[in-house]
Amino acid sequence: NDILDIEKLESGRVVFALRRVEVCSLVQKTIDSISSFAENHDVRVRIEDSGVVADVRADADRLAQVVTNLLSNAIKFSPLHNEVIVSIEKGIDTVRIRVRDHGRGIPADFKPRIFERFAQAEATNARRKGGTGLGLSIVKQIVERLGGEVGFVDAPGGGTIFYVELPIWNGKADRARDLPIETVLSESDASLVTLVEEARDALTLAPSHDAREAV
């Protein structure tokens with residue numbers, strides 16, 4: 001799934017239905033959905049300032065994918081009996097989501113490559129932890145297509161803070177990004193385009209030339 005996602009994102013074949021998304025609610029739901037994964041790694045995930053009211057202009061499903069990837073990455077590389085902390089900061093024009101772990105931090109020589117495809121620091125340990133090495137690359141692709149920014153800093157006292165900064169809600173919705181042509185789609189139109197793109201993907205696997213012509 002990660003490989004398919006990154007290929008579609010990089011080729012511009014993913015439709016983003018941009019609308020109003022309440023950040024705190026989405027983050028809390030994502031934390032709940034990943035709770036069993038955290039428990040299996042004996043790591044606690046908690047959200048700070050859960051009362052912050054902050055809306056962004058984003059695709060809810062893709063933003064949830066971003067938060068999930070950041071959380072799973074932080075959980076995997078956190079020490080046992082430790083915690084991952086999520087915080088939300090509202091600015092004038094943007095909203096920042098921060099995911100802080102208490103792990104070993106990112107080696108200096110690896111930092112420039114951290115968002116690259118299949119990038120994994122300490123490959124042996126990374127393989128033991130699991131993962132494709134595509135999670136952070138997918139995060140970067142999605143955030144940039146949402147008109148935002150992603151980055152990281154060393155956390156005080158150890159560990160790493162990854163952050164995602166997105167445009168605050170501006171009252172405009174239902175605009176699709178990353179289509180071959182510039183257009184504005186309704187939700188039903190966006191669904192249709194998604195189905196067409198999936199059908200196109202299936203055709204690339206079809207061995208029959210006649211079948212391709214028929215479709």
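Buried means under 20% relative accessible area, exposed means over 50%, and partly exposed is anything in between (worked out with a 1.4 Å probe on protein chains only). You're looking at a predicted model, where local features need pLDDT of at least 70, side-chain atom pairs count only at pLDDT 80 or more, and totals for chains, interfaces and linings use all residues. Residues are numbered from 1 along each chain as its sequence is written, and side-chain values use heavy atoms, with hydrogens and water left out.

**View 1. R62 sits in helix α4.** Helices here are DSSP runs of H or I with at least four residues, strands are runs of E with at least two, and both are numbered from the N terminus. R62 has a relative accessible area of 18%, so it counts as buried. Its side chain makes a polar contact of 2.7 Å with the side chain of Q65.

**View 2. Helix α4 is largely enclosed by the rest of the structure, because twelve of its 17 residues are buried.** Among the buried ones are L63, V66, L70 and I75. From first C-alpha to last, α4 reaches 24 Å, close to the 24 Å expected at 1.5 Å a residue; that expected span is 1.5 Å times one less than the number of residues.

**View 3. The largest nonpolar core has 46 residues.** A nonpolar core is a set of buried Ala, Val, Leu, Ile, Met, Phe, Trp, Tyr and Cys residues joined through side-chain atoms within 4.5 Å. Which residues have the most contacts inside it? They are V27, L63, L71 and V86. Helix α4 gives the most to this core, with seven residues. Take a look at L63: leaving out residues up to four places away in sequence, it touches V21, L26, V56, A58, I97 and L166. Contact here means heavy atoms within 4.5 Å.

**View 4. Five strands make an open sheet, in the order β2-β4-β5-β7-β6, with mixed pairing.** Two strands pair if DSSP finds at least two bridges between them. At the edges are β2 and β6, each pairing on one side only. Strands β6 and β7 run antiparallel and are joined by six bridges. Check out D154, which stands opposite T160 in β7.

**View 5. P156 is found in the loop between β6 and β7.** Is P156 buried or exposed? With a relative accessible area of 64%, P156 is exposed. Beyond its neighbours within four places in sequence, P156 is in contact with R100 and I161. The C-alpha atoms of P156 and H102 are 9.5 Å apart, though these residues are separated by 54 residues along the chain.

View 6. Most residues other than glycine have a negative phi.

Notes. A polar contact is a pair of N or O atoms within 3.5 Å; within protein, one must be able to donate a hydrogen and the other to accept it, and residues adjacent in sequence count only if both atoms are side-chain atoms.
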